[in-house]
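Have a look at the picture, then read on.

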Amino acid sequence: MRHPALSKVDVMSETPSPARSPRFVPNGPVLTVEQIALQVANERICIAMANAGTGKTTTLVARIGEAIAGGTPPEQILALTFTATAADVLRARLQRSGIHPELHKRVRVSTFDDYSHEVLETLPTANERARRILRDSFLTSSIADAMETLRDDVEHRYAPGAFEDNHINVAQSLEAMRKLKAGGALFDDVDDEQLDDLLERLDVTPAQYAIAQAYERIRLGALDEPKFRDRFDATYDLAQLIDRESVSPQYFAPCRLIVCDEQHDFNEASYRVLRHLLRTLNCRFVGVGDRDQVIHGEMGASDVYMGERFQMDFSGATAYKLTHTFRHGPHIAYPVAVFKRKAIESYVRRHTPIEVITADSAQDVVAHVVLADVRRWLQESDKRSTCAVLLRDWHQSAAIEEALWQAEIPFESPNKEGFQFREEIRFVRAVFALAMRAHETIDERERMSVAAVLGIFANIRLSRDQYQLTAKHPELIEQIYASYLLGAPPGTPAANIGQLIRELRASLPTLSAGDAFRRIRQKIDFQAVATRLYARPYDVDLVERTLRAFASTLPAEDTPLADYFSSMMARLSAIRRTRTGTRVSVDIVANIKGKEFDHVIIPFLERNEFPNPFAQMESEKNLFYVALTRARESLSLITSRDETRQSGFIASLDLPRTTRLADDALVRNMAAPVDTAPARRYLSGDTYGAKDELLALGAVYDPARRQWYITPEKDSAAFSQWL
C-alpha cells in the first residue's frame, strides 16, 4: 500500500504569517500562526478545515475577543453549536479567555435548536404556544397514534408489522422521523426523485416515511401550527417557515458576527437556517469543522455543508486550515495523518505512544487483555487521569464489562445504553426471571422491561397501560405468561415462549445458567425476530453478535441459574448506579465525539468487527479517526494474533515509518526553546484615572479586557505603580 509522503520538510511547513497583529490575546497557550490568521481574517465568510485537537473552540473564542476589541457590541455576536455540551464548553472558554465578564456574558451562545426556538417564540403566531417536550418518552403516544391511523388506512401497502406500536418500532420510527427532518426529506421543495435518493441515503423505509408524515399531521393539527416541539423540532420548523418566506427579517436580531463550532455536524435543516441568517443579516461568519469527523451521516450530517454546498451558496467564502494538534504528541498525530491522508502536525513535548497488542480473538481473551491494560494504567497514572475503552458497537462490551465487574473496577457507560440494555439481552433476562418467578423481586424498571420485551418477541399486542401497571403490580407479568403465552395458538412465537418458560420451570431445581441459555437459543428464532424488527442488515447481524458475546460471559457449566441471575441483577444495579466520577469509561465510538481521555483502549480491531462489513467504509474510517484522536497521553490497539484477521486500519497507520518520524519530531520539540515571556503585561490598580498618563508613556488599551497593557520592549520601571 502506498502512503502519502510525510517528510521532515512536509511536517514543518506552516501557514504564512497573518497580515496584522491581533488586538486581543486570550489567556492560555500562545496561539499558532494558523489560529491567529483565522482570528484576524478580514474576509466576510471564513471556513476553517480543522483537525482533531487543534483548538477549534479556542480559535473561535479568540475571534470573538478580536471582534469585541475592534468595537463589535457583544450582543451582536452569535455563537452557534449543535449540542448543549458544546455550548457549555464555549461559555466556559469565554469566561476563562480574559474577555471582561460584563462583555463575554453579553455574547449570545446557543445551540441551533435553542436559537431557533427563541426566534419562533417572537413570531405573532400560534408557534409561540407550542409546548416544548424534552423527553422522548412523551412523544411515543403521538408516534403510536400515527401508526394507528396508518393501520386503519394503508397497512396493506406495506410490509407486515410495519405499523406495530411496540417500543422498538416506535423508537426506530422516532429516529427515522428525525433523520427525515434533519436530512431535508420532509421539506416542501423535495420532489419524488430526490425523495427516493434521500430515503436510501438516510436508511429510512417507506413505512417509516409514512409514519413521519402522519406524526407531523398530528403535531401540526388542523391549523398547520405546531402543538408541541421536541428537542430538535425548532430548527426544522424555522427552516420550513424560512423556505415559505413566512419570517420577516425583523424577527432576527441584528448580528455583526456569527461563529459556528463543529460545522461538520451541519444537516439540511440547520444549514438552511444559517444560510438565511448570513443572507438576511449580511454579517461576518467564521465556521470550523473537521470533515473526517462526519460520523452521523445517517442523521443528515455531511461535509458538503462546509464544502461544495457552502461554496455554491457563498462563492466568496475563504478557506483556512488548522493543522497543529495540541491534544497529543507526534506519535499519535503522525499515524493519524497517514491514515486520513492529510497534514497534521504536533509540537507537543510529550511522548504519547501507540501500542499494538495481539491476542487470540475469543471474547474472554480480549476482555482479559483489556483488563490487564486498564490495571497497568491505573497503577501508573494519577487519580485525575481518565481512561476509555472505545468499542465499535455494544456487543463487544459483554466480556469486558464482566471482566471489569469481577475485578471490582468501577466503570461508567451511557444511561440506558450498553450491552445489558440490548433488546435480545433484556429478553433473555425476562425469560430467566419468569422461569424462576423472580419478577416479584426485581425492581420496577426491570418489571416494565420484562413486559415490554415479551410483547415484542412474542408478537403480542399489549397496551401502554399494561406495561406501566406491571411496575407496581408484578402479578400482572404472571397473568401475561398464563393468558398471552400459554394460551396462544400452537406454533406461534407466543406459544413457543410460553412452552419454553414452562419447560425451564420444570427443570429449575437442576437447571444451570448455561443450559437455560442453550434452551432459549434452540427454542427462539432470533433471526426471524430480528428480521421482523429491524430494517438494516447491520442491526439484524448485531443481534446474533450480541447473543454470541453473551454466551462467552456465562459461568461454569454447574453454576445454577438462580445464582447466575442474582449476580446478573446485582451487576445491572451497579451499572445503573455508577454514572459519573469514575475514571474508566466503556462506550461506543459514536457517543464520544468531543470528549478526551488520557488513555484510550480500542479492542476488537479485526476484520468483520472494525470496520464493520455492513457499514460504509468512509464512515468506518471516520469512526476510527475519532477513536484515535480522543487520546491525550497513550493509545492501546488490540487485534488478533492471526495477521489475516487483523483490521486493515492498523496497517494503514504505517506505524514503523511514522514512529521513526515521530521520534525525530519529539527530539525537535524538546530542543525547541520555550518562550515564557508574556507578549503583554497587563496593568492593574487605578488605571482609569491615569489613562492620559498611561497613553503618554506608551501603554495600550485592550477594549476586550478593559485593561491597559505594555509590550515587552517598554521599560517596566515607568509602570511600576501599576504592575
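## Overall build

Among contacts in the protein between residues at least 6 apart in sequence, 77% link residues at least 24 apart, a contact being heavy atoms within 4.5 Å. Keep in mind that this is a predicted model, where local features need pLDDT of at least 70, side-chain atom pairs count only at pLDDT 80 or more, and totals for chains, interfaces and linings use all residues. Residues are numbered from 1 along each chain as its sequence is written, and side-chain values use heavy atoms, with hydrogens and water left out.

The protein has 29 helices and 18 strands (DSSP runs numbered from the N terminus: H or I of at least four residues for helices, E of at least two for strands). Its C-alpha atoms fill a box of roughly 95 × 65 × 50 Å along the principal axes.

## Inside and outside

Of the 723 residues, 55% are buried (under 20% relative accessible area; exposed is over 50%, partly exposed in between, with a 1.4 Å probe and protein chains only). The protein exposes about 32,100 Å², and carbon and sulfur atoms supply 50% of that (Shrake-Rupley method, 1.4 Å probe; for residues, only the protein chains shown count as cover).

## A hairpin and its neighbour

Strand 17 (residues 700-702) and strand 18 run antiparallel, joined by 3 bridges; strands pair if DSSP finds at least two bridges between them. In this pairing, Asp702 sits opposite Gln707. The two strands form a hairpin with 4 residues between them, and Arg706 in the turn has a positive phi of about 60 degrees.

Strand 18 (residues 707-710) also runs antiparallel to strand 16 (residues 681-682), with 2 bridges. Here Tyr682 has Tyr709 as its bridge partner.

Most residues other than glycine have a negative phi, and most peptide bonds are trans. Glu262, in the loop between strand 6 (257-260) and helix 12 (268-281), has a positive phi near 50 degrees. Glu262 is buried, at 19% relative accessible area.

Asn282 has a positive phi too, about 50 degrees, and lies in the loop between helix 12 and strand 7 (284-289). Asn282 counts as exposed, at 57% relative accessibility.

Then there's the cis peptide bond from Phe610 to Pro611, with omega near 15 degrees. Pro611 is in the loop between strand 14 (597-602) and helix 26 (617-628).
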